[in-house]
Amino acid sequence: MPMHPLLKTLDDINRLRDAQRPLFELGHQPMRDLLLLLPQLPVSAQGRPDFDAAPPALLVQLAESAEVLQNTFNLGVAAIGQLLAHASPEIDDGTVGQDTVEAIGWLLTELGTGAAICFELSAPCRRHTADFVPPGTAT
């Protein structure tokens, strides 16, 4: 089975996960943060996010939470893929039921969609704050 060139083993996945571990140890919860920040994003008359009307600090926070969440989704999908690849004998002999495999498939679909949505949110936030300098920082 071909493997991703950067994620060849579970150790590779664990190293990437450990790189973002400090965010979680500090109580950073990107899903919660994103869900709390999204209602603050202004909406246009057409019902679309109005990034021009949003405060730059909010856009930076949204982008950071969306990017960490996207990375978390991607690492989770990679880890589940590794587990499934190693569990193939148990799937073949019925120890792990097909309903379980199907449920994991639906979960992976949602995680992949969530990662794409996080990117669709973070990209315009970053574009609209490319020249933003937070107050109190040196230029």
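Predicted model: local features only at pLDDT ≥ 70, side-chain atom pairs only at ≥ 80, totals over all residues.

What relative accessible area does Arg32 have, and how does Arg32 count on that basis?

Reply: Arg32 has a relative accessible area of 40%, so Arg32 counts as partly exposed. The cut-offs are simple: buried is under 20% relative accessible area, exposed is over 50%, and partly exposed is in between, with a 1.4 Å probe and protein chains only as cover. Residues are numbered from 1 along each chain as its sequence is written, and side-chain values use heavy atoms, with hydrogens and water left out.

So what does Arg32 do with its side chain? Arg32 meets the side chain of Asp33 in a salt bridge, at 3.1 Å from N to O. That term means a side-chain nitrogen of Lys or Arg within 4 Å of a carboxyl oxygen of Asp or Glu. Asp33 has 15% relative accessibility, so Asp33 counts as buried. By this rule there are two salt bridges. The other joins Arg126 and Glu67, with the closest N and O atoms 2.8 Å apart. Arg126 is in helix H5 and Glu67 in helix H3, so this pair ties together parts 59 residues apart in sequence. Both count as partly exposed, with Arg126 at 31% and Glu67 at 29%.

Now look around Arg32. Helix H2 covers residues 30-37 and holds Leu35; helices (H or I, at least four residues) and strands (E, at least two) are DSSP runs numbered from the N terminus. Leu35 counts as exposed because its relative accessibility is 54%. Together with Met31 and Leu38, Leu35 forms a nonpolar surface patch with about 260 Å² of accessible area. For a patch, residues need over 30% relative accessible area and no salt bridge; like charges are joined within 9 Å and nonpolar side chains (Val, Leu, Ile, Met, Phe, Trp, Tyr) within 5 Å. The areas come from the Shrake-Rupley method with a 1.4 Å probe, and for residues only the protein chains shown count as cover.

Of its 16 lining residues, the closest to the centre are Leu34, Leu38, Ile117, Cys118 and Leu121. A pocket here is an open set of points on a 1 Å grid over the protein atoms alone, where a 1.4 Å probe fits, with protein on both sides within 12 Å along at least five of seven lines; lining residues have an atom within 4 Å of a point. H2, H3 (56-86) and H5 (98-128) each supply at least two lining residues, and H5 gives the most, with seven.

Stepping back, the chain has five helices and zero strands, and 26% of its 139 residues count as buried.
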